[in-house]
Every structure is written in structure tokens, then in C-alpha cells.
Amino acid sequence: MSDELIPQGLWTGDYFNEGSGHDGIFNKLKEECGVFGVYGHPEAASLSYYGLHALQHRGEESAGLCVTDGGEFNYHRGMGLVKEVFDKDRLASLVGDCSIGHVRYSTSGDSRLTNAQPLVFKYRDGDLAVATNGNIVNAPKIRRDLEQSGSIFQTTSDTEVIAHLIARSSKEFEEAAKDALQQMVGGYAFLLMTNDKLLVASDPNGLRPISMARLGDAYLFSSETCAFETIGAKIIRDIEPGELLIVDRNGLREDRFAEPQRKALCAMEYIYFARPDSDLNGSNLHSARKRMGKIMAQQSFVDADVVTGVPDSSISAAIGYAEQTGIPYELGLIKNKYTGRTFIQPSQELREQGVKMKLSAVRKVVEGMRVVMIDDSIVRGTTSRRIVNLLREAGATEVHVRITSPPFKNPCFYGIDTPDRRELIASSRSIEEMRREIHADSLVFISPEGLIEAVAGNNVDDYKGGLCMACFDNDYPTRTDFNGEEKFGCSC
Ligand code: SF4
């Protein structure tokens, strides 16, 4: 993945991504968050631990779990990775058959323990825990209105607004939750837990993924299906836009809080965010990304010696490109997975000597070769330039860049931390200007139609209009401007 929240042209410690998602290469778009819920399993906390571990790429800043056995809540949250926040003793202390968990990435300046989720509250009807993935575009306005009428917020997380709306309602819990959800504009998947039930909701456009599985009699919910595979659960289905599921001692009830609007699942989930072993809308992500590579090959063949993908998210597409063209796929770029948040950054002197901690070009593979480099997006352009230069320094004679997303021109309002429009290289430059800036011999982006075809597989007709592609085409599925209080990034 290219890009990036980096000072232009710098190659500093900050340039390396601290606490990013699964690629961890340079700075780049940040995933939003991941949620995992369990109802009806005596080892709910342990299942959630493994589920959250599988969702770790969606947020590395904090992790949390809240558990109940029908009585008081028991919860733990901490800063860091799932394995750092929970140890065996901590997990053993979280006894209950119902739980919700969360891994979090936050926008800068907002990374603090009080904002770690699940958020937990006491209100007149008992306990309430909330975990969210996504962003509520009008949350600042709702929050301001609530504060003006007396609410005191405990966190700076906009997720807290739903708890206040529920607590202030005179209706019983489920109706209060529906009313609250109806006020939320944006892209989100909510898990709400009380002392005796679990609620799951997806926004009316289905922008953020959330799926359901069964393990024995238990119900499980996850931002990505890869977490179900980890614990041997059987995938049942995705939660529909505007749907509200309620699980309690009487089983599962399917309800809705809003009529479904235009289906608009985030296209970047397919291109980059979700793990390749996850399914979205019934499509496996690795297969969809391979199709993106094949379609790119059909749209933009170039005579070359090797194809390589920027690890990890572009490897599937690179394999597809290679299969389609017959040009061999090679590991021309290698990621070091072990430079984490606590890694000591090199001095300027060492950096100048070429200490490349997170990504290296494989000289024996690319030297003297014409290379096709597949990547998933270009945001600011600085990281793409750096990777192209890595390949050239290792002896590549030509570097042809193929991008499996259309040009990224507009910010995201639905939970992806994107820079201001002015910092997006594609918002103000032609493709030829971008090619020159990243030092590539050629540069081609997949067409929007090609992307839809790749995502849909054999179901193109069903899929038309089924994706949010607003960061490419400026067609946002919801209102985004609430008195100028639009907010980029993630409110969870
Ligand atoms: S604007 Fe882009 S990143 Fe945001 S939800 Fe839509 S497709 Fe995803």
C-alpha cells in the first residue's frame, strides 16, 4: 500500500509507519477499527481475543473487551496490540457468555485510553457497552446539541453520542437504540451490549462491513470473516444496510432501524483494507484482487520481465497481472514484519547508508529487469516515489506502476483517515504529472468499471451501484456537510 501521512520528501523515523495496519510499510491510509461480538458461548472472552487478533490489522492503537454473564459488566481496555493488552490471567478474569470487543485506530491526537473501546456506561436500566467501526458524520453536531442541553461527555470519541441518546430516551432500550441510530449519518457498524442482550447494526448504506457466524449455539459478529475462520465458526451472512439484529435468551431477532439506501460498501475494503482471506458480499478478497490484476493487465499491458506487488495487500493483484500476461511474478519487494511500534528508529546517518527497515527491493530479482510494480493506491505520492526509487536503486531498468484503484481524489468521511483534498496528489494533477512525480516509466490506474467488474466477479449486474467509490468519483452516499463540521477519519 502506498501512502501516507508523511512530510513531503522526508525519510525520517516519522516516515516509517508507527502503529499502522497490516502492511506497516511507510505511512499510508489508516484502517478504521474492528469489532467482534459473541452471544451464548461460555468462553466468550477467549473467542473474542482470537477474533480481535485476526482483526488486528484494522487497528493497532488500543484493544478492549467487555463481558457479561447476565450481571455486572467486566471489562478491560488498554493501549497496544491485542496480545499486549490481554494476557492469560486477564482473559481468565473476563467470565461471561456475552462479549463485545474492539481494536482501534484513531485519528492523530486522539489516541488515549479513555477513548479505547468498548465504551462502558451505567444508565437507569443497567449497563451499556458500545463498540463501533466507522464514522458518524454528524456526530459533532449531535454532541454539541447534547452538551448544550446538559450532557457531560467522558471521552472525545464520537461513539459516545449513541449512549447519551439512548440514556436520554424515555423509550425502552431497543426502541431507544433505533431512535438513536436513525439520527446517525455516516458509515458504521455498531455492537451494543446490555446485561441481557446484544444488538448489531449496520448503517443504511452498508458502508462498513459486518458479518454473522454460528459456533454451536453461539452467535458471532465480526468486521471481517477471517476472524470466524480463526475460531472455526460457520459464516452465516453479512448484516444488511439499515438492519438491526437483536440476540438474547430467546435467540436471534431480525429487525431494522432504517430502510436500506443505496448499497455502498467501501470499495477500499476490497482493494486494500480487508484481509485477503476474508469474504465480502460472498466474494473472497484474494480472488477479487487477483481479478483486479488481470483486468489491469487487459487494460494496460506493458512489455516487461517481472511483475511484483507491494506487500502485502498488492500481492494478490500482482499474481493476477502475471497470470494474465505470462510475465513471471517475483518477490521483488520484501517487507520486514518485525519492525513494530517500539522499534528504535535509525539515525540520519544510518538512514543515509540505506537502512531500509520496513521494505527492501530484492536486488537479485530486479537488477537489469523491466519491472511492473502493482500497488493498491496512490494518496500523496511520496511513498510511491520512494518505492519506485528502491527498485531503481536495486538495478531495475524500467519501473511501470499499475494501481488497482482509480485515482484517489477526495477525502473519506466514513472512517478512513485521509488527508485534506489539497494533499491528495490525484486531486490536482494529471496522470502524466503523477507519473513524473513518482519517477515511474509508466503509470496506469484501474478504471472504475474495471474495479466493479473485479469486485463483482460473475455478478456485475447485481453489483452496479453497490460500492462506495466516493474517494474516486466524489459521489458520497450520504450527506457529508453538517454546518461545516465535516470530519475526516474515524470516530470510533
Ligand atoms: S470514500 Fe473511499 S475510503 Fe471512504 S468509504 Fe467510500 S470508498 Fe471507502
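## Close-up views of a predicted protein model

**View 1. A cavity in the model.** Helix α8 gives the largest share of the lining of the largest cavity, with 3 residues. Helices here are DSSP runs of H or I with at least four residues, strands are runs of E with at least two, and both are numbered from the N terminus. The elements that supply two or more lining residues are α8 (267-273) and α18 (470-473). This cavity has a volume of about 120 Å³, and the count of cavities of 30 Å³ or more comes to 2. A cavity is a set of points, on a 1 Å grid over the protein atoms alone, where a 1.4 Å probe fits but cannot get out; lining residues have an atom within 4 Å of a point. Grid points are joined across faces, edges and corners, and the volume is the space filled by probe spheres set on the points. Of the 17 residues that line the largest cavity, Cys 266, Cys 412, Ile 416, Cys 468 and Cys 471 are the closest to its centre. The lining divides into 15 nonpolar residues, 1 polar and 1 charged. Here Ala, Val, Leu, Ile, Met, Phe, Trp, Tyr, Cys and Pro count as nonpolar, Asp, Glu, Lys and Arg as charged, and the others, Gly among them, as polar.

**View 2. The whole chain and its confidence.** This is a predicted model, in which local features need pLDDT of at least 70, side-chain atom pairs count only at pLDDT 80 or more, and totals for chains, interfaces and linings use all residues. Residues are numbered from 1 along each chain as its sequence is written, and side-chain values use heavy atoms, with hydrogens and water left out. The protein chain averages a pLDDT (the predictor's confidence in each residue, from 0 to 100) of 87, and 86% of the residues score at least 70. Over residues 1-26 the pLDDT is below 50, and this stretch has 120 contacts in the model beyond near neighbours in sequence; a contact means heavy atoms within 4.5 Å. Where pLDDT is low, the predicted coordinates should not be read in detail. The chain's secondary structure comes to 18 helices and 23 strands.

**View 3. The annotated binding site.** UniProt, in an unreviewed entry, places the feature "binding site" at Ser 313, Asp 375 and Asp 376. They span 64 residues in sequence, yet no two of their C-alpha atoms are more than 7.9 Å apart, so they gather at one spot. UniProt positions follow the numbering used here, feature names are shortened, and annotations may be inferred rather than shown by experiment. Asp 375 sits in strand β20 (residues 370-375) and is buried, with a relative accessible area of 0%. Buried means under 20% relative accessible area, exposed over 50%, and partly exposed in between (1.4 Å probe, protein chains only). Asp 376 belongs to the loop between β20 and α13 (382-393) and is also buried, at 0% relative accessibility.

View 4. A cis peptide bond joins Gln 117 and Pro 118, with omega about 5°. Pro 118 lies in the loop between β4 (98-104) and β5 (119-123). Asn 281 has a positive phi of about 55° although it is not a glycine. Asn 281 is in the loop between β15 (279-280) and β16 (283-284) and is partly exposed, with a relative accessible area of 36%.

Conventions
1 Å grid on protein atoms, 1.4 Å probe; cavity = no way out; pocket = protein on both sides within 12 Å on 5 of 7 lines; lining within 4 Å.
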